[in-house]
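Subject: Structure handover

Dear colleague,

I am passing this structure on to you. Please open it beside this note.

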Amino acid sequence: MRNIRNWIATTVILLFMSATTQAETKNDIPGIGPVGKPVKLFTDFKFTEGPAFDLKGNLYFTDIPDNKIYKVNSKGKLSVFLEPSNHCNGLMLDGEHGLLACEMDGRLVSINLKNKKVTPLTSEYQGKRYNAPNDLVIDRSGGIYFTDPHFRSPEPLPQKVVAVYYRSVDGKVTRLADDLKAPNGVILSPDEKTLYVIPSMQKEMWAYPVTSPGKIGKGRVFCTLKQEPGYKEPGRGGDGLTVDTKGNLYITTGLGLQVYSPEGKLLGIISVPEKPANVTFGGKDNASLFITARKSLYRIDTKAKGHRFPGKSS
């Protein structure tokens, strides 16, 4: 009897240890975290997107259906920064005084943070308006990579294709890729030698070598996203993303934030209470993830620190 009890006790301990190890593997990514549970900062929006954090501690994000850009100041106060926003989606800070924005109504613009003046950067390609600019990233030269899928676009598509573009600092726009399904999130590696494009209607995420600003080589599958149970081919893709100082990517998906190394290895998944749409680093030491997730805005603290893009456009 004593041997049986010892066996049962040993089995329970081993199962507990196994469960704990699995839980730690699932919830805690070495060197990344998260540190603590997600914190819901604000809620009751319609569909949040495009978080961007400035050097003064202010966070900007969009509510696409409500046609607004919101601001959370360094003291945590929420206010409407711009209304109407022409259904802005992705945002990124451009130097100290500018906010770059993808208007889904067809333009890439710069918004002055002091007087809120909106300056169009590009509104058409080869004489036709864009479909619905979605997300963007600025490089060190001041050039801007941006995606133009079909979400909120007029039908038929004004550009006939969905694509990735580059606006150089002198204003010239080049179409870089038009062979992906719904190119959505876009970002550069910290050394700006790789451009990542996150399609929303396929599970394969793509990477392109950057040979010089605005010029890319042949793309390759960077990673294949882990899918939700019961998925159907071609699978669900990602949405927005951010990158840390070590080049790890944080991709918003139906399962949460899927974190990948620069080599395309899945490091783990950070759970979010609502399905996330986009994410950026910010806060103290740039070590908190600010996540726009459907009707809410969340913060998750991490051990990792976000990469800051220093580029400034004109």
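Confidence. This is a predicted model. The mean pLDDT of the protein is 91. A pLDDT of 70 or more is reached by 91% of the residues. The stretch to set aside is residues 1-26. There pLDDT stays under 50. The model has two contacts beyond four places in sequence for that stretch.

Ring pairs. The count is 14 aromatic pairs. Two of them are described here.

Take Phe-53 and Phe-290. Their ring centres are 5.1 Å apart and their planes lie at 35°. That angle falls between the 30 and 60 degree cut-offs, so the pair is tilted. Phe-53 sits in strand β2 (residues 48-53). Phe-290 sits in strand β26 (residues 288-293). The pair therefore ties together parts 237 residues apart in sequence. Buried means under 20% relative accessible area. Phe-53 has 15% and so counts as buried. Phe-290 has 8% and is buried too.

Now Phe-146 and Tyr-165. The ring centres are 5.5 Å apart, with planes at 20°. This pair is stacked, because its angle is under 30 degrees. Phe-146 belongs to strand β13 (residues 144-148) and Tyr-165 to strand β14 (residues 163-167). The two residues are 19 apart, and the pair links distant parts of the chain. Phe-146 is buried, at 0% relative accessible area. Tyr-165 is buried at 0% as well. Ring pairs also join both residues with Tyr-125 and Tyr-130 in a cluster.

Cores. The largest nonpolar core has 41 residues. Those touching the most other members are Leu-136, Val-137, Tyr-145, Ile-187, Leu-195, Leu-249 and Ile-251. Leu-195 is worth a look. Leaving out residues up to four places away in sequence, its contacts include Val-137, Tyr-145, Ile-187, Trp-206, Tyr-208 and Ile-216. A second, separate core holds 15 residues, among them Val-259, Ile-291, Ala-293 and Ala-304. In soluble globular proteins, nonpolar side chains tend to be buried together.

Pocket. Which residues lie nearest the centre of the largest pocket? They are Phe-53, Met-92, Leu-93, Thr-280 and Phe-309. The lining has 29 residues, and the space in this pocket is about 500 Å³. Elements giving two or more residues to the lining are β2, β6 (88-94), β16 (183-188), β21 (241-243) and β25 (278-282).

Best wishes

Methods. Residues numbered from 1 in each chain as written. Predicted model: local features only at pLDDT ≥ 70, side-chain atom pairs only at ≥ 80, totals over all residues. Heavy atoms only, no water. pLDDT = per-residue confidence, 0-100. Contact = heavy atoms within 4.5 Å. Phe/Tyr/Trp six-rings, centres within 6.5 Å; stacked < 30°, edge-to-face > 60°. Helix = DSSP H or I, 4+ residues; strand = E, 2+ residues; numbered from the N terminus. Buried < 20%, exposed > 50% of the residue type's maximum accessible area, 1.4 Å probe, protein only. Core = buried A, V, L, I, M, F, W, Y, C linked by side-chain atoms within 4.5 Å. 1 Å grid on protein atoms, 1.4 Å probe; cavity = no way out; pocket = protein on both sides within 12 Å on 5 of 7 lines; lining within 4 Å. Points joined across faces, edges and corners; volume = space filled by probe spheres on them.
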